[in-house]
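Please read this briefing alongside the sequence and the coordinates.

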Amino acid sequence: MNPSEPLESPDAAGRRAPVVVPARVWFARPVHLVARDLLGACLTSRSPEGDVTLRITEVEAYGGAEDPGSHAYRGRTARNAVMFAEPGRLYVYRHLGLHHCVNVVTQPAGSPSAVLLRAGEIVEGKDLAWARREAVGVVDSERQLARGPARLAVALGIDLTANGADVTEAGGDLVLHRHQVLAQPTHKSGPRVGVSGAGGEGSRFPWRYWLTDERTVSAYRPAYRAPASVDVS
């Protein structure tokens, strides 16, 4: 994708088609509306190595002060400050010191919420995405290139330097774009992956959304719970 050319990306049938870059106001909507509308949208990462485009197939919504699973549940910190800023920016953090997670900030500034990009299909730049993934681990198929938030970040070449990046600029290094669609693609919802405590309760927070019958969607795993201690006499 060349910034000087009209934006295009493959559609569901694999044909190249014009796309639109949503304005900031599009991201200022309620987090669940944005989360569902991100399904099927694309995120392109530009670098001197080349461009990689991901079609988003799975996301999770995080609702700020009303959501015990959110980083913003207990207020603003240096780590989550981007969540309190204007919508349409990336919130990138390092999980357990092991890998990066990529989120899109939603709702008006001061109302912290974000959508985690959990998985997707690499539709352009597969060779570069594969090379990035092989550099840090084993890759056994194209299906696994961006299946899960850690793999997704690696495939796109995203790390903490992208925290706060604006995805609403067509000529930016990271840009989110989507095809004009008349109907919401078929999707399902369920509990979020690996969220502990109240935020992991699927009946209260079925806030993971994914495209139906997509092979790149990651497997559900509940949060790890340490075995209960046993008092041995």
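Predicted model: local features only at pLDDT ≥ 70, side-chain atom pairs only at ≥ 80, totals over all residues.

The largest nonpolar core has 40 residues, and another core, of 12 residues, lies apart from it.

**Nonpolar cores**

- Within the largest nonpolar core, which has 40 residues, those with the most contacts inside it are L38, V59, L90, L117, I122, I158 and L176. The element that gives the most to this core is β4, with five residues.
- When neighbours within four places in sequence are left aside, L38 is in contact with W26, I56, V59, V104, V115, L117 and L176.
- The core of 12 residues that lies apart from the largest one has Y91, Y93, C101 and A114 among its members.

**Helices α3 and α4**

- Helix α3 spans residues 126–134, and L128, A129, R132 and R133 are buried in it. Seen down the axis of α3, these buried residues fall within an arc of 135 degrees, so they line one face of the helix.
- The buried residues of α3 pack against β3 (42–47), β4 (50–62), β7 (113–124) and α4 (149–156).
- In α4, the buried residues are P149, L152, A153, A155 and L156. Around the axis they cover an arc of only 165 degrees, which puts them on the same side of α4.
- The buried residues of α4 pack against β3, β4, β6 (99–106), β7 and α3.
- Just after α4 comes G157, which takes a positive phi of about 70 degrees.

**Salt bridges**

- R118 and E58 meet through their side chains in a salt bridge, at 3.2 Å from N to O. Because R118 lies in strand β7 and E58 in strand β4, the pair ties together parts that are 60 residues apart in sequence. Both R118 and E58 are buried.
- A salt bridge also joins D67 to R192, with the closest N and O atoms 2.7 Å apart. D67 lies in the loop between β4 and β5 (90–95), whereas R192 lies in the loop between β9 (187–190) and β10 (208–211), so this pair ties together parts that are 125 residues apart in sequence.
- Not counting residues up to four places away in sequence, D67 touches A61, Y62, Y73, R192, F205 and W207.
- E86 and R89 form a salt bridge in which the closest N and O atoms are 2.6 Å apart. E86 is partly exposed, with a relative accessible area of 28%, and R89 is also partly exposed, with a relative accessible area of 22%.
- Salt bridges that share partners link R24, E86, R89 and D166 into one network.

**Aromatic residues**

- A pair of aromatic rings is described by the distance of the centres and the angle of the planes.
- For W26 and F27, the ring centres are 4.9 Å apart and the planes stand at 80 degrees, so the pair is edge-to-face. W26 is buried, with a relative accessible area of 15%, and F27 counts as buried at 0% relative accessibility.
- The rings of F205 and W207 have their centres 4.9 Å apart and their planes at 90 degrees, so this pair is edge-to-face.

Technical notes
Residues numbered from 1 in each chain as written. Heavy atoms only, no water. Phe/Tyr/Trp six-rings, centres within 6.5 Å; stacked < 30°, edge-to-face > 60°. Buried < 20%, exposed > 50% of the residue type's maximum accessible area, 1.4 Å probe, protein only. Helix = DSSP H or I, 4+ residues; strand = E, 2+ residues; numbered from the N terminus. Arc of directions from axis to C-beta. Contact = heavy atoms within 4.5 Å. Salt bridge = Lys/Arg side-chain N within 4 Å of Asp/Glu carboxyl O. Core = buried A, V, L, I, M, F, W, Y, C linked by side-chain atoms within 4.5 Å.
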